Amino acid sequence: MRRFLLALLTLCLSGCADLSYLGQSVGGHLRLMSAARPVDEWLADDATSPALRARLQLSQRMRDYAITELHLPDNRSYRSYADLHRSAAVWNVVAAPELSLSPKTWCFPIMGCVSYRGYFDQAAAKQLGDQLKAEGWEVVVYPVPAYSTLGWTADPLLNTFVGYPEGTLAGMIFHELAHQVAYAADDTAFNESFATAVQEMGADAWLQSQGSEQAREAYRVDQARRAQFAALTHDYQARLTALYAGQQSDADKRAAKAKLMSELRADYGRLKAESWQGYAGYDNWFAQANNASLAILASYSDGVPDFKTLFEREGRDWPRFYAEVKRLAALPKAQRHAELTSEIR
């Protein structure tokens, strides 16, 4: 905690202009940390419900697996639990221009630039979203179940995700721990795609060796939906990118964009009815789909195949894979992405 507070002090001394935002970040995180108790205490407490007890025990087996099998950091992260009495850890605000899928970035000392701005208070996130909309940005405000402090503090398990299905819970823990392995300042896409690759490969490995057949089947169905969702949205990301880069007038681009967004929702409706038996888990995403939601989605998914191929190239050896990712993270951004894609190809 002292190291974390020192980092925050450094932010202030480095000239962070928005002290009110920094204040809510510090206060929100400290309140979250103060709510956390060691998992062992929760397990020893007779007031802990059987359902929560079972999830905490499962989470600790996953945490051990992350260390012994995935070679993720061995520290106190996810060895404590907090009930925040709310549905999300933070709410992120993402903005993009009307005719672009390049997200707005916010830059901070030490951490670099990121494509979102997080708030511990939902109303504050909505207020910024409304302000950005008034300025002409397309905006999405969405709940985030967990975040990583990159190892500065011992990130706790939270009520916001501890009840997830087994494969999803494992993936969440592995994803957040991956952020402690490698972090490239100013490169949200690299960081999130790497963590998502670890999430997916780690969850697969966990379920194959530790999960029940029921858990594996539930995860298989969920991943199949995710793959179809990714294919659909990637297709429209490509179409919109081509449209925005074209030579048409802005008025023509707006009309073509409206048509594409209508087609996107119609395609989703058919996918939901014909392949998903009416599963409605993505309804909210498509209801508010815009340039901002498509832009942040790309940050989490576009580079995942490259990282998975890199893992295979490194002999499916986790330490070797992490060493190569850390080497890439230390390079200038353009060189980093050029090497990642060129080496894969």
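Predicted model: local features only at pLDDT ≥ 70, side-chain atom pairs only at ≥ 80, totals over all residues.
Local features were taken only where pLDDT is at least 70, and side-chain atom pairs only at pLDDT 80 or more, while totals for chains, interfaces and linings use all residues. Residues are numbered from 1 along each chain as its sequence is written, and side-chain values use heavy atoms, with hydrogens and water left out.

View 1. A cavity is a set of points, on a 1 Å grid over the protein atoms alone, where a 1.4 Å probe fits but cannot get out; lining residues have an atom within 4 Å of a point. Grid points are joined across faces, edges and corners, and a volume is the space filled by probe spheres set on the points. The count is 1 cavity of 30 Å³ or more. The largest cavity holds about 50 Å³ of space. Its lining consists of L32, Y78, A146, Y147, D155, P156, L158 and F161. Of these, 7 are nonpolar, none polar and 1 charged (nonpolar: Ala, Val, Leu, Ile, Met, Phe, Trp, Tyr, Cys and Pro; charged: Asp, Glu, Lys and Arg; polar: the others, Gly among them).

**View 2. The second largest pocket.** A pocket is an open set of points with protein on both sides within 12 Å along at least five of seven lines. The volume of this second largest pocket is about 370 Å³. It is lined by 16 residues, of which A189, A295, A298, S299 and D302 are the closest to its centre. Helix 7 (188-210), helix 11 (291-301) and helix 14 (333-344) each give at least two lining residues; helices are DSSP runs (H or I, at least four residues) numbered from the N terminus. Helix 11 has the largest share, 3 residues.

**View 3. Helix 12 against helix 13.** Helix 12 (residues 304-313) and helix 13 (residues 318-329) pack at about 130°, with axes 9 Å apart. Axes are lines fitted to C-alpha atoms over the stretch in contact, and angles run from 0 to 180 degrees between N-to-C directions. F307, L310, F311 and R313 of helix 12 meet W318, R320, F321, E324, V325 and L328 of helix 13, where contact means heavy atoms within 4.5 Å. This contact has 7 nonpolar, no polar and 3 charged residues.

**View 4. Helix 8 against helix 11.** Helix 8 (residues 213-245) packs on helix 11 at an angle of about 115°, and their axes are 10 Å apart. F229, T233, Q237, L240 and Y244 of helix 8 meet N291, L294, L297 and A298 of helix 11. By class, 6 residues in this contact are nonpolar, 3 are polar and none is charged.
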